[in-house]
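Please look over the sequence and the model before reading on.

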Amino acid sequence: MIRKEDRDFIRPLFIQGSFWFTLVLWGAWAARGARQLALDVHPLAIVILLILLVAAGVLALLLHTRHGLRLYASAVYAVLMIGVFSFALTSESLLFALIFTLTTAFLLALSPRVYIQNIVLAIAMVGIGIQAAEFASFGLLFFALILLAVYDLAAVRVSGQMIRLARMVLTAHVPALFILPYRIRDSILHVKSFRPGSRAVFFGAGDILIPAALISAAPNRMMALAVIVGTMAGFFALILVFGNARNPKPMPGLPYITVGIALALGLAKIWV
């Protein structure tokens, strides 16, 4: 719950949320025309991906997480590193991609500050979005977005499953959430400074993943731009509703983002 004296968090939340969302969305936009190294042409890339999976598991064992969350932590680190590696491959240099991924992994492990975690999540979401667009069409991804929005709504409002998972992730310090402190300067703090009930707002990385994939898979620039505008509009609407609620509670983000994207795509179709 947000106390009346905490209402001044809305402006810094707008600033931080806009920055991280824009970083992911425009990163996906910039990567639209980038040619990646084909994994079937470069078998060494497959070996590196397998090494990342093993390294993620070893890294998770070094974390002070509860026993029941170690498998989940391993999966999260594996997905993040694969996303970072995929993003770095847009440079068309396998050596750079490897060095960049290893550097990112060490930074996340040795200096888990809030801003570092957010940066890694942003980079990884762009990379995963690029890969998702390679295997799924724009229409299929949009359909998946609708299904996930319905699930997000049910998991927050009905079963509470998403809320319980978020609390477990925060308690175990698994890097699966964007952390937006009430005060921007608190972004330099250690992630362990933030737990359920802390003076911060938490966004699941998945809230921005499908929009990033949609941008990469968009058949033209107009539709890609519509996804960007719709995502930001949905995010702004979410913050306004959450910040002005009398008794704010955890809210699902994907329904707002999905509606924003749908409206923006509809307007883009009319415009064209």
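Which residue forms a salt bridge with Asp186? The partner is Arg183, and the closest N and O atoms of the two residues are 3.1 Å apart. Side chains of opposite charge can pair when their charged atoms come close. The model is a predicted one, and a search through the whole of it finds one salt bridge.

Next comes the overall layout. The protein has 10 helices and two strands. Read from the N terminus, the elements run α-α-α-α-α-α-α-β-β-α-α-α. The chain of the protein holds 272 residues, and 50% of them are buried. Among the contacts with a separation of 6 or more, 75% are between residues 24 or more positions apart. The accessible surface of the protein comes to about 13800 Å², of which carbon and sulfur atoms supply 70%.

What lies inside? The largest nonpolar core has 71 residues, and Phe203 and Leu214 are those with the most contacts inside it. Helix H5, residues 114–135, gives this core its largest share, 11 residues. Setting aside residues up to four places away in sequence, Phe203 touches Leu13, Phe21, Ala176, Leu177, Phe178, Leu180, Phe235, Leu238 and Ile239.

Helix H5 also holds Asn118. The relative accessibility of Asn118 is 1%, so this residue counts as buried. Beyond its neighbours within four places in sequence, Asn118 is in contact with Trp20, Leu177, Phe178, Ile179 and Leu180.

A pair of aromatic rings is described by the distance of the centres and the angle of the planes. In the protein, the count of aromatic pairs comes to nine. One of them joins Phe14 and Phe236, with 5.4 Å from centre to centre and 50 degrees between the planes, a tilted arrangement. This pair links distant parts of the chain: Phe14 sits in helix H1 (residues 10–30) and Phe236 in helix H9 (residues 221–244), 222 residues apart. Is Phe236 buried, partly exposed or exposed? With a relative accessibility of 32%, Phe236 counts as partly exposed, because that value falls between the limits of 20% for buried and 50% for exposed.

The surface has a nonpolar patch of its own, formed by Tyr115, Ile119, Ile188 and Leu189, whose accessible area together is about 330 Å². Of these residues, Leu189 lies in the loop between strand E1 (177–181) and strand E2 (200–204). Leu189 has a relative accessible area of 32% and is therefore partly exposed.

A last stop is Ile146, found in helix H6, which covers residues 138–157. Its relative accessible area is 35%, so Ile146 is partly exposed. Ile146 and Pro255 are 109 residues apart in sequence, yet from C-alpha to C-alpha they are 7.9 Å apart in space.

Definitions and conventions
Residues numbered from 1 in each chain as written. Predicted model: local features only at pLDDT ≥ 70, side-chain atom pairs only at ≥ 80, totals over all residues. Heavy atoms only, no water. Phe/Tyr/Trp six-rings, centres within 6.5 Å; stacked < 30°, edge-to-face > 60°. Helix = DSSP H or I, 4+ residues; strand = E, 2+ residues; numbered from the N terminus. Buried < 20%, exposed > 50% of the residue type's maximum accessible area, 1.4 Å probe, protein only. Patch = residues over 30% accessible without salt bridge, like charges linked within 9 Å, V, L, I, M, F, W, Y side chains within 5 Å. Areas by Shrake-Rupley, 256 points an atom, 1.4 Å probe, with all protein chains shown as cover. Salt bridge = Lys/Arg side-chain N within 4 Å of Asp/Glu carboxyl O. Core = buried A, V, L, I, M, F, W, Y, C linked by side-chain atoms within 4.5 Å. Contact = heavy atoms within 4.5 Å.
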